[in-house]
Amino acid sequence: MNKSNYKALLPIGVFLLLYLGLGILFEYGLKIEMGFYSIPIVVAFMAAILVACLQNPKLGFEEKLEVMARGVGDKNIITMLLIFMTAGIFVGVVGRSSAESVAYFMLSLIPARFAVAVLFVVSCFVSTAMGTSVGTISLITPIAVAVSQASGFSAPLCIGAVMGGAMFGDNLSFISDTTIAACNGQGCAMKDKFRENFAIALPAALVTLALILLLSFRAELAGAVEHEYDLVQVIPYVLVLIGGIAGVNVFLVLLAGIVSGAVIMLSTGAATGLALLAGMGSGAAGMFETSMVAILVSAMCALIREYGGFDALLGAIRRVFRGNKGGQLGMGLLVGLMDISTANNTVAIVMANPIAKQMAVDYEISPRKAASVLDTFSCVFQGVIPYGAQMLVAITVANELGCGVSAFDILPNLFYPALLLLSSLVFIFFVPERSRKK
């Protein structure tokens with residue numbers, strides 16, 4: 001096939017036009033609540049694949065099906081799908097009450113003055129354990145509103161702390177779909193990507209915590225938050241977290257979490273056997289769209305690569321970004337633009353993966369660094385875009401609880417994503433390679 005063919009990128013343009021264009025129209029033009037997420041992303045990708053199939057008539061339809069099948073049948077894609085399903089079952093078993101127990105336990109231990117700081121720390125832990133930023137935000141935002149109303153802290157500050165902590169775990173969690181997508185797409189072990197990421201995320205988190213504490217000492221307080229909790233339900237999250245950091249196979253880690261969670265939920269009477277099975281099913285079903293997106297993107301990207309679209313895009317990137325550091329920055333901006341266009345950091349990573357993998361070879365970027373860059377930059381952008389699921393869920397939950405806030409109220413309080421970007425740039429341009437290896 002002809003190489004360096006910009007026309008081969010047309011399917012991506014079609015997808016962005018349908019998904020981003022209609023999303024903006026629904027959300028801001030027609031004022032439909034959560035309108036950006038009313039667009040079925042699977043349908044948008046199917047339309048893009050149809051356009052890809054209509055391109056290059058010299059290649060027969062049967063041959064195009066073979067190209068797509070090879071893309072979907074890649075070992076990393078199959079592994080990714082299996083992990084998605086297992087992670088969904090785990091979340092379906094342990095439910096929301098376990099994470100709530102973590103939050104209320106930590107809030108009960110500290111003075112009201114440190115309540116916002118605890119919200120941030122709790123959100124970091126819960127999102128790392130649960131592997132979902134949206135789930136963490138929907139879970140902890142009601143607690144943040146309660147903290148604001150009971151203590152006197154501003155609601156945007158409390159919600160901003162929750163959103164920042166949620167993105168911390170989204171970036172680092174072993175069962176986060178972004179981690180799964182980045183690691184399997186770049187062919188690196190999750191523990192290696194975690195270590196690479198942790199050095200970037202920890203400084204950003206510590207400075208965020210310091211800023212929150214500084215603002216907390218200036219606030220006038222009114223009271224504290226009290227609620228019942230059951231710490232036994234936290235055990236499955238802790239097991240998954242420890243197993244992941246220790247480098248245990250991700251399937252074994254998730255299996256241990258599922259089994260321990262099921263035993264605890266049944267023995268404590270928190271769930272019946274039937275409810276537990278239903279939770280497993282709904283948890284796995286919750287990963288359906290993400291799994292389908294991974295399959296469709298793999299098929300579409302296989303055709304784009306076959307037609308020479310990736311060669312064209314890589315050629316353009318090489319002309320702008322040079323050297324190892326420039327390659328990492330280019331990779332980060334690539335996934336950032338994908339995220340701005342799709343408002344979904346997992347989709348952004350899946351779409352950027354094939355191009356990033358070739359960039360990693362060209363710019364001599366190790367797989368773990370490539371996975372780290374993709375995950376970190378996607379979380380930076382996803383954490384601040386006003387039309388992202390994270391922001392929309394936070395605003396919706398807060399408004400339902402009688403706390404009127406807008407995205408522009410919360411944006412100035414999103415310290416962590418901004419500091420994560422700064423930390424990433426420092427890590428790319430100023431941390432010597434020898435120091436990173438140490």
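Before sorting any lining by class, I note that Ala, Val, Leu, Ile, Met, Phe, Trp, Tyr, Cys and Pro count as nonpolar, Asp, Glu, Lys and Arg as charged, and the others, Gly among them, as polar.

I am working with a predicted model, where local features need pLDDT of at least 70 and side-chain atom pairs count only at pLDDT 80 or more, while totals for chains, interfaces and linings use all residues. Residues are numbered from 1 along each chain as its sequence is written, and side-chain values use heavy atoms, with hydrogens and water left out.

**Entry 1: a pocket**

By class I read 10 nonpolar, 7 polar and 7 charged. At least two lining residues come from each of several helices, including helix 3 (61-72), helix 14 (288-307) and helix 17 (345-362). Helices here are DSSP runs (H or I, at least four residues), numbered from the N terminus.

**Entry 2: a cavity**

Next I turned to cavities, sets of points where a 1.4 Å probe fits but cannot get out. Of its 12 lining residues, Ile200, Gln328, Ser372, Val373 and Phe427 lie nearest the centre. Helix 10 (190-216), helix 18 (367-382) and helix 21 (415-429) each give two or more residues to this lining. Which helix gives the most? I see that helix 18 does, with 5 residues. The classes here are 5 nonpolar, 4 polar and 3 charged.

**Entry 3: two loop residues**

Is Cys403 buried or exposed? This residue sits in the loop between helix 19 (389-400) and helix 20 (407-410). Cys403 counts as buried because its relative accessible area is 11%, and buried means under 20%, exposed over 50%, partly exposed in between (1.4 Å probe, protein chains only).

Ile32 lies in the loop between helix 1 (10-29) and helix 2 (41-54). At 33% relative accessible area, I note Ile32 as partly exposed.

Note on methods. 1 Å grid on protein atoms, 1.4 Å probe; cavity = no way out; pocket = protein on both sides within 12 Å on 5 of 7 lines; lining within 4 Å.
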